[in-house]
Amino acid sequence: MNTQTIHFHMKPETFKQNTAASLQDQPLRKSLRTAMDMLMTRRKGVLSDEEELQTLRDLCEHVRQRSLSKLPQLLEQLEDNLTKLGVKVHWAETPTEACQIIHNIITSHKGKLMVKGKSMVSEEIELNHYLEHQGIQAIESDLGEYIVQMAGEKPTHIVMPAIHKTKDQVSELFHKNLGTPLTDDVDELTGIARQALRDVYRTADVGMSGVNFAVAETGTLCLVENEGNGRLSTTVPPVHIAITGIEKVVAKLSDIPPLYSLLPRSAIGQNITTYFNMITGPRRSQELDGPQEMHLVLLDNGRSQAYVEDQMRRTLQCIRCGACMNHCPVYTRIGGEAYGTTYPGPIGEILSPHLLGLDATRDLPTACTMCGACVEVCPVRIPITEQMQRLRVEAQRDPGEKVAHPIRGQGASHSFGEQLAWRTFDGIFSGKKAYRVFGWAASKFRALTPSKQMGWTDNHVPMKPAKKTLHELMAEKQRNR
């Protein structure tokens with residue numbers, strides 16, 4: 001099977017240029033529009049009971065906030081219970097450290113082939129690329145991940161990795177890489193991938209999976225999936241490695257049902273997934289299947305930096321359903337690749353600065369209309385627009401300015417013109433008198449408005465003040481009564 005090195009073609013530092021390119025991609029925009037309309041309709045259909053929805057959202061928010069409030073203790077409890085079950089737990093502060101841990105586990109078994117269930121954290125650390133350089137092949141088994149890996153791309157959605165691909169594009173990929181006949185039958189394409197992956201499960205030295213929820217009370221790792229590839233990846237190979245961010249832990253097994261109830265409905269408008277795996281260690285002596293050895297890698301990568309401040313900690317409540325992306329007017333027009341990050345869309349805009357630093361991601365929080373659609377659909381009530389506003393302020397902060405809890409990175413690095421523009425804006429809108437004088441002058445001298453306006457006219461038509469200010473219009477209305 002031909003798999004390619006996975007790299008983003010775009011980077012977050014060039015987000016504005018990425019966006020311009022994506023907006024010109026008409027097939028991409030058509031695919032996204034069709035898919036997002038379908039996902040929004042399906043979600044609405046399975047969450048029609050408003051009272052049930054809001055009750056569940058309250059409960060899920062409480063579960064996640066309670067778990068995060070005791071995160072250090074719960075992580076220690078999780079490690080203790082997993083160790084008792086025979087699972088080897090590893091802690092990784094950085095992506096490089098996580099990759100090295102996984103590589104060492106594979107080489108200790110003289111492994112050369114890994115089969116992977118879906119894991120966004122493994123995408124975050126660019127594990128496939130790292131292992132390829134070490135002479136180890138990692139093959140994705142999730143259908144969407146399998147497609148984008150074959151195309152030499154990265155997932156553009158956290159739940160549906162190949163949502164930007166048409167069935168004709170997938171057929172061409174399979175024809176080119178697997179030698180199969182061209183077809184536009186989706187079931188036939190799925191069957192082709194299933195057949196190609198069958199030998200991979202059987203011959204893989206190591207299987208890898210992500211983790212949706214980790215239960216501290218019982219040491220249970222929960223894995224949500226629809227294709228069965230996750231179950232095969234975690235049970236057929238002799239070694240199973242699970243990887244997750246440190247924020248995925250919950251306190252009790254009883255915390256899982258409400259989260260599981262909302263996750264598939266929010267993600268893809270499905271009442272329940274086909275498989276819900278509860279993994280409690282390697283194969284026991286009386287069991288006929290399962291891995292002989294099991295590991296869990298717990299990744300920090302900036303999460304503890306978000307954790308230390310109450311406001312930004314709420315970012316870590318995310319259960320990776322992707323509903324915010326499905327309803328975002330920006331994401332649905334540009335797709336995930338334009339963000340240049342593992343996590344695109346609204347959640348990526350507030351999470352990526354913690355993982356990559358503000359230096360690389362300072363433009364991402366501006367990719368938001370502040371419409372609040374993401375906040376309305378978030379199953380755990382993350383105040384995404386509030387987080388976005390905070391990050392916009394941080395991105396424009398003077399690097400020398402001392403703050404109690406700075407976001408990773410050095411803050412803004414602006415030209416003289418940008419600094420002047422922001423200071424002027426701050427001066428006008430920080431006081432009533434200056435604002436009114438500016439409004440009066442802008443309306444009276446509107447004919448002098450420049451056609452080129454720094455930053456704005458790169459993507460918009462020029463702004464031109466109204467002939468009369470709002471105060472003037474209201475005063476006229478009062479006089480005419």
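A: Two residues are in contact, or touch, when heavy atoms of theirs lie within 4.5 Å. The model is a predicted one. Its pLDDT averages 91 over the protein, and 93% of the residues score at least 70. Residues 4-8 have a pLDDT below 50, and in the model this stretch has 23 contacts beyond near neighbours in sequence.

Leu259 belongs to helix H12. Its relative accessible area is 0%, and buried means under 20%, so Leu259 counts as buried. Along the chain Leu259 and Val63 are 196 residues apart, yet their C-alpha atoms are 8.3 Å apart in space.

H12 runs over residues 256-268, which makes 13 residues. At 1.5 Å a residue the helix should span 18 Å, and because its end C-alpha atoms are 19 Å apart, the model agrees with that expectation. H12 is mostly covered, with 11 of its 13 residues buried. The buried residues are Ile256, Pro258, Leu259, Tyr260, Leu262, Leu263, Pro264, Arg265, Ser266, Ala267 and Ile268. After the helix comes Gly269, with a positive phi near 65 degrees.

H5 has 14 residues, and from its first C-alpha to its last it reaches 20 Å, close to the 20 Å expected at 1.5 Å a residue. Its buried residues are Ala98, Cys99, Ile101, Ile102, His103, Ile105 and Ile106. Among the elements that cover these buried residues are strands S1 (87-92), S2, S4 (206-209), S7 (239-245) and S10 (293-299), together with helix H7.

H5 is followed by Lys110, whose phi is positive, near 55 degrees. Most residues other than glycine have a negative phi. Lys110 is not a glycine, yet its phi is positive. Lys110 sits in the loop between helix H5 (95-108) and strand S2 (113-116). With a relative accessible area of 73%, over the 50% mark, Lys110 is therefore exposed.

Glu126 also has a positive phi of about 55 degrees, although it is not a glycine. Its place is the loop between helix H6 (120-124) and helix H7 (127-133). A relative accessible area of 31% falls between the two cut-offs, so Glu126 is partly exposed.

Contacts across the sequence can be followed in a strand as well. Ile279 is in strand S9, residues 275-279. Its relative accessible area is 14%, which means that Ile279 is buried. Ile279 touches Gly219, Thr220, Leu221, Thr234, His240 and Met294, again not counting residues up to four places away in sequence. Thr234 is 45 residues away along the chain, and the C-alpha atoms of Ile279 and Thr234 are separated by 8.8 Å.

Gln26 gives a further pair. Gln26 lies in helix H2, residues 26-46, and at 48% relative accessibility it counts as partly exposed. The C-alpha atoms of Gln26 and Arg333 are 9.8 Å apart, although 307 residues separate the two along the chain.

The last topic is empty space inside the model. Rolling a probe the size of a water molecule over the atoms shows where empty space is left. The count comes to 3 cavities of 30 Å³ or more. The largest cavity has a volume of about 100 Å³. It is lined by 15 residues, of which Cys318, Cys321, Cys324, Cys378 and Pro379 are the closest to its centre. By class, this lining has 13 nonpolar residues, 1 polar and 1 charged.

The second largest cavity has a volume of about 80 Å³. It too is lined by 15 residues, and the closest to its centre are Cys328, Pro329, Pro346, Cys368 and Cys374. Helix H17 (345-356) and helix H19 (373-377) each supply at least two residues of this lining. The lining divides into 11 nonpolar, 3 polar and 1 charged residues.

Terms used. Residues numbered from 1 in each chain as written. Predicted model: local features only at pLDDT ≥ 70, side-chain atom pairs only at ≥ 80, totals over all residues. Heavy atoms only, no water. pLDDT = per-residue confidence, 0-100. 1 Å grid on protein atoms, 1.4 Å probe; cavity = no way out; pocket = protein on both sides within 12 Å on 5 of 7 lines; lining within 4 Å. Points joined across faces, edges and corners; volume = space filled by probe spheres on them. Nonpolar A, V, L, I, M, F, W, Y, C, P; charged D, E, K, R; others polar. Helix = DSSP H or I, 4+ residues; strand = E, 2+ residues; numbered from the N terminus. Expected span 1.5 Å × (residues − 1). Buried < 20%, exposed > 50% of the residue type's maximum accessible area, 1.4 Å probe, protein only.
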